[in-house]
Amino acid sequence: MGSKRINNSRRSFIKKTAALTGTILASSSLKPFNAILFATEQSDESKPWYGIGIDIEKCIGCGNCAKACKEENNVPKEPFYFRNWVEQYTIKNDGEIVVESPNGGIDGFTQSVPDEEIFKTFFVPKMCNHCAKSPCTQVCPVGATFESPEGIALMDENYCIGCRYCIQACPYGCRYIHPDKGTADKCTLCYHRIKKGLKPACFEVCPTGARIFGDLNEKDGVMHNFLKNHNCMVLKPNLNTGSKLYYNGLSAEVR
Amino acid sequence: MEHLYEMLSKVDGYIYSNEIELHWGILIVLYPYITGLVAGAFILASLERVFKVKVLRPTYQLALLTALAFLIVAVMPLVSHLGKPFRFYEIMITPHFSSAMAIFGFVYLWYLMVVLLLEIWFDYRRDMVLWSKEKKGFKSRLYKILTLGVNDLSPKTVAWDDKLGYFITVIGIPSAFLLHGYVGFIFGSVKANPWWSTVLMPVIFLFSAMVSGIALVMFLYMAVSWIRKVKIDMPCLDEVGKYLFYVLVLDFTLESLDQIHRIYEAEESFEILDLLVNGKLNYTLFIFQGLLGTLIPLITLGIFRIYKPKPKIRKAFYLIISLLILMGIFFMRWNVVIGGQLFSKSFLGFTSFKLGLIGSEGFLMTIFWLVLPFLILAFILWLLPPWKKHEEEPAS
């Protein structure tokens, strides 16, 4: 009786193992077909997973961030290429939205709307959202755009074929074609700096501390507390890009 | 970079700082246009072969060879548009499968090698063997090479050619659907762009492809007959006109449905798209695509279904209609590709597009890419003339 039970359990163990192995083998061979389900994997919580916080209430529109970014990353100086820029939003009394960003805010701002017509005005610093389900990574036909283990969307310029599909796919307008290289270019969150324990250039120069960045996996870390203490919002949440750029005080007009 | 400064002065409203340059220009308008002509021409050919519409016989080989000539060119503007054209092969050797664009190379090669070349080869093999014996010198040798050494002319082998050719055409129909539906998906799946992101995009691309391909074969059939000074087979032309009408009705319905749906849902992007359609796309959408490219051909072909004027008048109208449709579908691609990039993703403003005269993205180059397939077709028709095919069994 006892041996029969052992046999039974052994048999069922073998059966289960075989079924499990079979499933794993089958699903691994199906892996390429997972392409249609994009970026559903969760991050490993034991490793850093960077997010960005921008406090709109603290931004004074000095444009230092945009300027520092161009200096640090050798971004072409012409006013068509930005990894980082600041927008000035002005909502008029009649509801009209006026947005301006002359040279990305590098040279500062002037207000074109007369004071008496202004309902409210504020600055919105913009940069790559380093999306967890980034459309630019999804559409790159050769995989030149990829996500670093820390959750940063990066570009391999030696591999990019310059098809510009990523530029079409980015809902936030964060990419451009480098005029000399002919390949796509974008914010790296100053990967070369953060790997050395430094802050990204735009964070370093912000005089009001409107920008923070940190590990989203770190309990009681800066990002954790930022998200806990503020009502934060991401841009275009309806697109489900998994944006990791969180804004405090984001007005509904901002896109 | 001069042109970008010029663009900067033409910005209307607010656009994101990187959006001044329009990234997919005229070459990417040509890409869906030319692939569409291929898919459409092939589907017309398969009507004769698979669906046994015998009256279309005079257009069968012409449609196949047209598809081939245009398919050879289809990929050229695409590659020349790349920022790094010499890296194009990376898309084949290291495709990134989550990208809608990654399998284009495979879809293209499948269509070229497996469908078109094989079908044409099976269709012409017997003739090529015979021609290699009839002709002399270089041409004879060329035909010999093209037969790939398969010189068997026994009725059994020839019957197999026919069977396999038929089989390839059967595979070819879903392949043609795949080729162009897929091109539509490349645009339709960009969720960041509300002008492109519609589930109907692949279907619309497919039907507009059929419209343009049938119109092209209609035009070419008349043009080739005129050049060869032979009589146009009117029942055949009328039949092509009939199918053109049916497909045009479907295409018009689908595109209207898409627009009605947009207007009725009036989502977040509605205001900017409304401004786009009534502003920058006014002429290209309502006049070139809508009125000239769709409504006039639709009404004329519709009238021909009820009342048939004299053949001479019909011929003239068919000629005009086919050209109008070819122009209309070109502007349909224009409205999708260029139109989708004129407005900012901030939905707050517009950039502009100016087609230059010279340069790889200029007007002259566009004309070159549009003329090239006709030159290739002329060569293929010289090499494999459908009208010199041996219809009868060779006397052995």
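**Chain A, overall**

I began with contacts in chain A between residues at least 6 apart in sequence: 62% of them join residues at least 24 apart. Two residues are in contact here if their C-beta atoms, placed from the backbone, lie within 7 Å. I noted that this is a predicted model, where local features need pLDDT of at least 70, side-chain atom pairs count only at pLDDT 80 or more, and totals for chains, interfaces and linings use all residues. Residues are numbered from 1 along each chain as its sequence is written, while chains are lettered from A and ligands numbered from 1 in the order in which they are written.

I then listed the elements. Chain A has seven helices and eleven strands. Both are DSSP runs numbered from the N terminus, helices being H or I with at least four residues and strands E with at least two. Of the 255 residues of chain A, 38% count as buried. The classes are buried for 20 or more other C-beta atoms within 10 Å of a residue's own, exposed for 12 or fewer, and partly exposed in between.

**The four-stranded sheet**

I traced an open sheet in chain A with the order E9-E1-E11-E10 and mixed pairing. Strands pair if DSSP finds at least two bridges between them. Which strands are at the edges? They are E9 (211-215) and E10 (232-233) of chain A, each pairing on one side only.

Next I followed the bridges. E1 (residues 50-55) and E11 (residues 245-248) of chain A run parallel and are joined by four bridges. Gly53(A) has Tyr246(A) as its bridge partner in E11(A). Ile54(A) has Tyr247(A). E10(A) and E11(A) run antiparallel, with two bridges. There, Met233(A) stands opposite Tyr247(A). Helix H7 (residues 222-229) of chain A lies across E1, E9, E10 and E11 of chain A, and runs at about 120 degrees to E9(A).

**A helix pair in chain B**

I turned to H7 (residues 155-188) and H8 (residues 201-228) of chain B. Their axes are 7 Å apart and they pack at an angle of about 135 degrees. Axes are lines fitted to C-alpha atoms, for helices over the stretch in contact, and angles run from 0 to 180 degrees between N-to-C directions. H7(B) and H8(B) are therefore oblique to each other. On this scale, angles under 35 degrees count as roughly parallel, over 145 as roughly antiparallel, 65 to 115 as roughly perpendicular and the rest as oblique.

Which residues meet? From H7(B) I noted several, among them Phe177(B), His180(B) and Phe185(B); they meet residues of H8(B) including Met201(B), Phe205(B) and Ala209(B). The contact divides into ten nonpolar, four polar and no charged residues. Ala, Val, Leu, Ile, Met, Phe, Trp, Tyr, Cys and Pro count as nonpolar, Asp, Glu, Lys and Arg as charged, and the others, Gly among them, as polar.

**Where the chains touch**

I looked up the interface last but one. 36 residues of chain B are in contact with 42 residues of chain A. Helix H1 (2-9) and helix H4 (90-93) of chain B are the elements that give two or more residues to this side of chain B. By class, that side has 19 nonpolar, ten polar and seven charged residues.

**Positive phi**

I finished with two loops. Asn103(A) has phi near 50 degrees, a positive value in a residue other than glycine. Asn103(A) lies between E3 (97-100) and E4 (118-127) of chain A, and is partly exposed. Lys229(B) has phi near 60 degrees, also positive. Lys229(B) is in the loop between H8 and H9 (234-265) of chain B. Lys229(B) is exposed, with 6 other C-beta atoms within 10 Å.
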